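Student: I am new to this structure. Can we go through a few spots together?
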Amino acid sequence: MESPDFNQIIDRHNTGSIKWDFLDHYLQLNTTELLPLWVSDYDFQCPEAVQQALSSRIDHGIFGYSERDDRYYQAAIDWFARRHQLTLHREWFTSIEGVVPGLALLIQMLSKPGEGVIVQGPYYASFAKIITMNGRTMIENPLLEGAEGYKIDYVHLEQILAQHRPPLLLLCNPHNPTGRCWDRDELHQLLMLCERYGTTIISDEIWADLILPWGKFTSILHLGCEWHSHVIAATSASKTFGLASLRIANFLIPDPTLRHAFHDRLNAHGLDVFNSLSMTAATAAYQYGDAWFDKLQDYLAENRCWFEKALASSVPWCRMTQAEGTYLAWLDCRDLGLDDNTLQEALIQKAKIAVSMGYSFGNKGKGFIRINLGCPRQYLEKTITGLAQLTP
């Protein structure tokens with residue numbers, strides 16, 4: 001099998017790519033001159049083993065109703081045992097066409113209209129959308145910003161737990177956009193507080209595999225069976241292997257009562273048939289993707305280190321938040337002294353880049369931007385050149 005070339009530039013235009021083809025639709029940016037760094041998907045080809053498995057499945061030519069088979073479950077179970085020393089059980093798995101749709105259904109299932117759901121800002125924008133559009137109240141527990149990254153504010157968390165008695169907390173681990181990986185002690189403290197106030201934790205762990213060499217991922221499920229009645233973990237092969245549009249995600253629900261209720265919820269929405277190509281891709285990725293992913297991890301770590309040094313040298317007003325995971329860079333642009341609208345205009349007109357603006361992650365994101373490091377180095381070189389055009 002050939003070694004992947006992550007420096008290869010592959011033209012993604014005219015492929016229906018949200019990142020490359022829909023800037024106008026989603027960001028109201030109708031220029032083709034911008035380098036898109038906003039959507040968190042790779043500009044790399046997925047593993048060759050996945051491409052071969054998909055090709056063979058397509059050659060079969062029949063795409064009737066499909067269900068997850070033994071290989072699908074075992075591939076995922078083996079991956080998490082091999083990569084994270086995490087023991088999963090087949091009966092825990094429930095599947096749906098993506099993490100966000102599953103979170104939305106769980107919000108409907110585990111809370112009532114008007115009740116509160118806790119998020120920790122700066123928060124993934126889709127969290128806010130699925131909470132508010134389902135008629136629930138978003139309660140923010142802002143993270144504490146520090147020189148070594150972000151931390152959970154447990155004092156404030158207990159205050160809002162006691163005041164609102166919310167049924168749910170949406171945890172993001174590793175955290176998007178900051179890149180924090182919550183450690184065992186942090187998760188234990190979180191679990192104790194939530195148990196005290198009857199709050200269930202749904203942990204979005206879609207970034208679990210994307211850990212930097214100096215980081216460590218701890219799943220909410222690592223903390224033991226004594227917490228299983230209070231936790232749900234969401235996973236997918238999509239971020240790890242670049243399969244975002246081949247939509248299938250797994251919600252790992254150890255508690256039988258919660259799991260059966262979620263099964264009923266999926267059936268009530270007719271979500272009981274699965275995409276055969278999605279299952280083929282995820283199975284092959286988990287079975288045969290280790291070598292490809294190890295090389296990718298090295299490349300992403302090199303990208304991050306290179307980018308941080310280049311920022312310090314050429315863009316000293318821009319500081320990159322310390323992270324342990326993800327391939328996202330959370331950049332502090334407050335030293336420019338610009339409001340968010342003016343900052344965005346400068347990034348478009350001068351830097352010629354399209355980024356995720358920090359304000360879309362809530363009040364804690366104002367003055368920040370998020371960019372995607374999961375791209376060929378040449379794109380990051382262009383980004384540094386563009387950012388250097390901006391001065392305080």
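Predicted model: local features only at pLDDT ≥ 70, side-chain atom pairs only at ≥ 80, totals over all residues.

Student: Is His175 buried or exposed?
Tutor: The relative accessible area of His175 is 2%. Buried means under 20%. So His175 counts as buried.

Student: Which backbone oxygens lie by a polar atom of the His175 side chain?
Tutor: One lies 3.4 Å away and belongs to Gln120. Another, at 3.2 Å, belongs to Pro122. Beyond neighbours up to four places away in sequence, His175 also touches Leu143, Arg180, Trp182 and Thr326, among others. The two oxygens asked for are those of Gln120 and Pro122.

Student: Is Thr32 buried or exposed?
Tutor: Thr32 is in the loop between helix 2 (23-27) and strand 1 (35-36). Its relative accessibility is 76%. The cut-off for exposed is over 50%, so Thr32 is exposed.

Student: How do helix 7 and helix 8 run, roughly parallel or roughly antiparallel?
Tutor: Helix 7 covers residues 154-164, and its axis is 10 Å from that of helix 8. The packing angle is about 15 degrees. Angles under 35 degrees count as roughly parallel. Therefore helix 7 and helix 8 are roughly parallel.

Student: Which residues of helix 7 meet helix 8?
Tutor: On the helix 8 side, the partners include Glu186, Leu190 and Arg196. From helix 7 come Tyr154, Leu157, Glu158 and Leu161.

Definitions and conventions. Residues numbered from 1 in each chain as written. Heavy atoms only, no water. Helix = DSSP H or I, 4+ residues; strand = E, 2+ residues; numbered from the N terminus. Buried < 20%, exposed > 50% of the residue type's maximum accessible area, 1.4 Å probe, protein only. Polar contact = N/O pair within 3.5 Å; in protein donor to acceptor, adjacent residues only side chain to side chain. Contact = heavy atoms within 4.5 Å. Axes fitted to C-alpha atoms, helices over the stretch in contact; angles between N-to-C directions. Parallel < 35°, antiparallel > 145°, perpendicular 65-115°, else oblique.
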